[in-house]
Amino acid sequence: PIKEHGFVWSRQNAMPEIENSEKNQLGAKPETGTFTSNLSSLKKGTLYYIRAYATSNDGKTFYGNTQTLVTKEQGLVLYYPFN
């Protein structure tokens with residue numbers, strides 16, 4: 001049984017873990033399998049390292065492979081006036 005699962009992410013640490021990263025905790029999960037979540041409060045134009053995690057009832061935490069994500073800039077990025 002899984003007592004907690006979710007995602008951890010970091011801008012500096014290429015191997016984020018619960019203890020050294022931000023996390024999106026999704027709570028208990030009665031079965032194994034895939035899961036998804038929306039991450040919010042990410043900065044625009046920033047590289048993030050993200051991993052899924054699951055913690056068993058006996059306290060062992062397991063992590064998925066690290067994925068990278070670069071958030072997009074929105075709106076006007078550069079402005080060059082011409083005549």
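In the hairpin of strand 3 and strand 4, four residues sit between the strands, and G59 takes a positive phi near 90°. Strands here are DSSP runs of E, at least two residues long, numbered from the N terminus. The model is predicted, so local features need pLDDT of at least 70 and side-chain atom pairs count only at pLDDT 80 or more, while totals for chains, interfaces and linings use all residues. Residues are numbered from 1 along each chain as its sequence is written, and side-chain values use heavy atoms, with hydrogens and water left out.

Strand 3 covers residues 47–56 and pairs with strand 4 (residues 61–63) through three bridges, running antiparallel; pairing takes at least two DSSP bridges between two strands. Within that pairing, A54 stands opposite F62. Strand 5 (residues 67–70) is also antiparallel to strand 3, with four bridges, and Y48 has L69 as its bridge partner there. Strand 1 is joined to strand 3 by eight bridges, again antiparallel, with W9 facing I50.

Eight of the 10 residues in strand 3 are buried, that is, under 20% relative accessible area with a 1.4 Å probe, protein chains only. T55 is buried too, at 6%. Beyond its neighbours within four places in sequence, T55 is in contact (heavy atoms within 4.5 Å) with I2, K3, E4, I18, K60 and T61.

As for S21, this residue is in the loop between strand 1 (2–10) and strand 2 (22–29), and its relative accessible area of 16% makes it buried. With neighbours within four places in sequence left aside, S21 touches V8, W9, S10 and P16.

Definitions and conventions
Buried means under 20% relative accessible area, exposed over 50%, partly exposed in between (1.4 Å probe, protein chains only).
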